[in-house]
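Dear colleague,

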Amino acid sequence: MQDDKAGGVPIRTVKSFLSKIPSVVLTLWQWLMKNLSIEDPVEAIHMGSLIAAQGYIFPISDHVLTLKDDGTFYRFQVAIYLCKRTMQNKARLELADYEAENLARLQRAFARKWEFIFMQAEAQVKIDRKKDKTERKILDSQERAFWDVHRPVPGCVNTTEMDIRKCRHMKNPQKVKKSVYGVTEDSQSQSPVHMPSQPIRKTTKEDFRKKFANPHVNILITYSDQYIEYDPFITPAEPSNPWISDDATLWDIEMSKEPSQQRVKRWGFSIDEVLKDPVGRDLFLRFLESEFSSENLRFWLAVQDLKRQPLQDVATRVEEIWQEFLAPGAQSPINLDSHSYERTSQNVQDPGRYTFEDAQEHIYKLMKSDSYARFLRSNTYQDFLLVKKKPENEQGRRTSLEKFTRSVLGEMLCGLSP
Amino acid sequence: MSELEQLRQEAEQLRDARKSCGDSTLSQITAAMDPVGRIQMRTRRTLRGHLAKIYAMHWGTDSRLLVSASQDGKLIIWDSYTTNKMGPLVPSLRSTPSPLRSSWVMTYNICPSTCWGGMLPSPAALLDDNQIITSSGDTTCALWDIETGQQTTTFGGHSGDVMSLSLAPDARSFVSGACDASIKLWDVRDSMCRQTFTGHESDINAVCFFPNGNAFTTGSDDATCRLFDLRADQELMMYSHDNIICGITSVAFSKSGRLLLAGYDDFNCNIWDAMKGDRAGVLAGHDNRVSCLGVTDDGMAVATGSWDSFLKIWN
């Protein structure tokens, strides 16, 4: 970057008002834009400030860097540095307020060592005086920049601050261990098509891995395509995004028992969508009741609820669920295969949050493959979907009109009361 | 060559093969896809009130309440829409189960029925009203019963501190990202590590599940985010750019999973087209590192928290 001839940044001696300022890096941000293919000038400036903040370059006339540093060694250095500054020509290099404060503080802290520090500073100043003027200027500003980074001006960002959670690592720097991929741990991993033992010296293995990933990749793509109209960052929300329009109508609609058409449509994407949405769940339950198979959904819901119970209530709930859905003579018996039934009745002996896990899996699959498909074709759902086809605006307006009327009436009534 | 050496070599080759094809799989398929276009977001709200670095934030399930934790020891609950504070919390030691006692407020969570805040040493995921998964300083994760304060399960296997957790949408499993550059998928019920994912070259600071639970994204100190698929058992995409030279602190997906939002050490957030791998936008506005971010459940907005002590809501 510094090599002018090899396309680096030009470095010149710039003539300013009273003196020449050596080694100034000109038009850095333009160079950055060109060489790093940045399109946005704002980003180039941002990049430049980052580099500056890290101390790689520094502005000549201003202190605006950040840094951090700790350790006695550096504290001594600061003390020596500040002493030096006071020894040099005061007119040119006055200490800023915060620096004077720091110097005083350090003097107090290192009272005993102060003689030593002072001597060091004197020695360094003597050596500096012997140097070439230009060189001295450069070194001075470099040193100043260093301390700007390590002892920031109050109010500036400290770029060398570390995340507190990682400070531990500084004491025991571990090499990042790249685990030997999958060999020891993945004995548990269960990709049915995965064949980790095949040697991969041939390129066909790469193709295999690519092909293997394809169906899963497609699942992700399909999902994001399907839901893109539900993503307010991409498809503007209807009637409006409350954060942008300052109108919370959308949230009111969501809370009401009257879901939007978009929401009803989403229930058709998967059984999980129906089960997640309280209004959808109710509708699904009503449908199942009409088919006399509502015990499946009620069982599923009860088991979900069980998993959220505090430990002390778990045993009682397990018993209740067993009695209602599974015990001989149960009120709402669910249809389980004999294997699952055996497992579950054993689990009930030692009740826990996951006692009914197998049974729940079985019932979920049943609902998914059987009831859910019929639900989507049913009049119950279809009617709901059609009703919601009324234009969104009308509903939105009606709701906000209702709200407005209510608020006006409310105010009038308040005005009337003594 | 000894058998161990042979195995090691094979594993290396496996890893290289996966790396080379994993990186291109998704972007090859989506090359023909329509780009998502430039996503320009603006700050809609700024939440001021913390006095020190913000380390963590979380949205409530109503997509309006938000809780944030700061190094000044306070948790603040905000009605972010009105920017009113619902009152800062300084959790009392008595109210937390003793094994979870710690001197740092690092994270908390809001669950549907109550606001639960706690002092925990590191990342945590609230499983439900009664259980929480945390990561401990000794490279393990643990499942706790909140009321009794008992640790019901331990998840051990990482060789570095666990920096981040993400619960799957079905709450049956979770992923943990650690300083050993690997991510592990755990089964909540039997505490087994089902899968391990490698590829990153440095500490993993953030993990987040894709909305359908089939994949997750990670953010690392190696300046890249990556997308891993559970069933394909491999990395599908890497989100990086030569201009980006600093670590990622936090990641989140938009509602459809098409956008990946990531907070960086260079004070910005980048918005990536998760399917195509290009950058789609930037959120610039913080004066210090972005330490945490989260998208609301309804997908309407994203909140960022920063070391500059402010939270910003964007969309």
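In what follows, two residues are said to touch, or to be in contact, when heavy atoms of theirs lie within 4.5 Å of each other. Please bear in mind that this is a predicted model.

I begin with a residue of chain B to which that term applies. B:Thr217 is part of strand 17 of chain B, which covers residues 215-220. Leaving aside residues up to four places away in sequence, B:Thr217 touches B:Ala206, B:Val207, B:Cys208, B:Cys225, B:Arg226, B:Leu227, B:Tyr239, B:Val251, B:Phe253 and B:Leu260. Its relative accessibility is 0%, so B:Thr217 counts as buried. A polar atom of the B:Thr217 side chain lies 3.0 Å from the backbone oxygen of B:Arg226.

The interface between the chains

Contact between the two chains involves 77 residues of chain A and 103 residues of chain B. Together chain A and chain B bury about 8,100 Å², and 58% of this area is on carbon and sulfur atoms. Across the interface, 13 residue pairs are in polar contact, with both residues at pLDDT 80 or more. On the side of chain A that touches chain B, the elements giving two or more residues are helix 2 (41-53), helix 7 (167-171), helix 8 (204-227), helix 9 (242-245), helix 10 (249-255), helix 15 (311-326) and helix 17 (357-377) of chain A. Of these, helix 8 of chain A gives the most, with 16 residues. Sorted by class, this side of chain A has 36 nonpolar, 17 polar and 24 charged residues.

Side chains of opposite charge can pair when their charged atoms come close. Between chain A and chain B there are 4 salt bridges. One salt bridge joins B:Arg45 to A:Asp246, with 3.1 Å between the closest N and O atoms. A network of salt bridges also links A:Lys307, A:Glu357, A:Glu361, A:Lys365 and B:Arg172.

Where in chain A is A:Arg353 found? A:Arg353 is in the loop between helix 16 (338-347) and helix 17 of chain A. The relative accessible area of A:Arg353 is 8%, and the residue is therefore buried, the limit for that class being under 20%. The side chain of A:Arg353 makes a polar contact of 2.9 Å with the side chain of B:Asp145. A polar atom of the A:Arg353 side chain also lies 3.3 Å from the backbone oxygen of A:Lys307. Not counting residues up to four places away in sequence, A:Arg353 touches A:Leu306, A:Lys307, A:Gln309, A:Pro310, A:Leu311, A:Val314, B:Asn130, B:Gln131 and B:Asp145.

For chain A, an unreviewed UniProt entry lists residues 270-385 as "domain: RGS". In the model, residues 270-385 of chain A are 75% helix and 0% strand, and the end C-alpha atoms of the span lie 15 Å apart.

Salt bridges within chain B

Over all chains, the structure holds 25 salt bridges. Among those within chain B, B:Arg194 forms one with B:Asp190, where the closest N and O atoms are 2.7 Å apart. B:Arg194 also meets B:Asp187 in a salt bridge, at 3.8 Å from N to O. B:Arg194 counts as partly exposed, at 25% relative accessibility, and B:Asp190 likewise counts as partly exposed, at 33%.

A further salt bridge brings together the side chains of B:Asp273 and B:Arg258, at 2.8 Å from N to O. B:Asp273 lies in strand 22 (residues 268-273) of chain B, while B:Arg258 lies in the loop between strand 20 (248-253) and strand 21 (259-264), so the pair ties together parts that are 15 residues apart in sequence. B:Asp273 and B:Arg258 are both buried.

One further loop position

Is B:Asn243 buried or exposed? With a relative accessibility of 7%, B:Asn243 counts as buried. B:Asn243 has its place in the loop between strand 19 (234-239) and strand 20 of chain B. B:Asn243 and B:Val175 are 68 residues apart along the chain, and their C-alpha atoms are separated by 29 Å.

Yours sincerely

Technical notes. Residues numbered from 1 in each chain as written. Chains lettered and ligands numbered in written order. Predicted model: local features only at pLDDT ≥ 70, side-chain atom pairs only at ≥ 80, totals over all residues. Heavy atoms only, no water. Buried area = accessible area lost by both parts, 1.4 Å probe. Polar contact = N/O pair within 3.5 Å; in protein donor to acceptor, adjacent residues only side chain to side chain. Helix = DSSP H or I, 4+ residues; strand = E, 2+ residues; numbered from the N terminus. Nonpolar A, V, L, I, M, F, W, Y, C, P; charged D, E, K, R; others polar. Buried < 20%, exposed > 50% of the residue type's maximum accessible area, 1.4 Å probe, protein only. UniProt positions renumbered as here; feature names shortened; annotations may be inferred.
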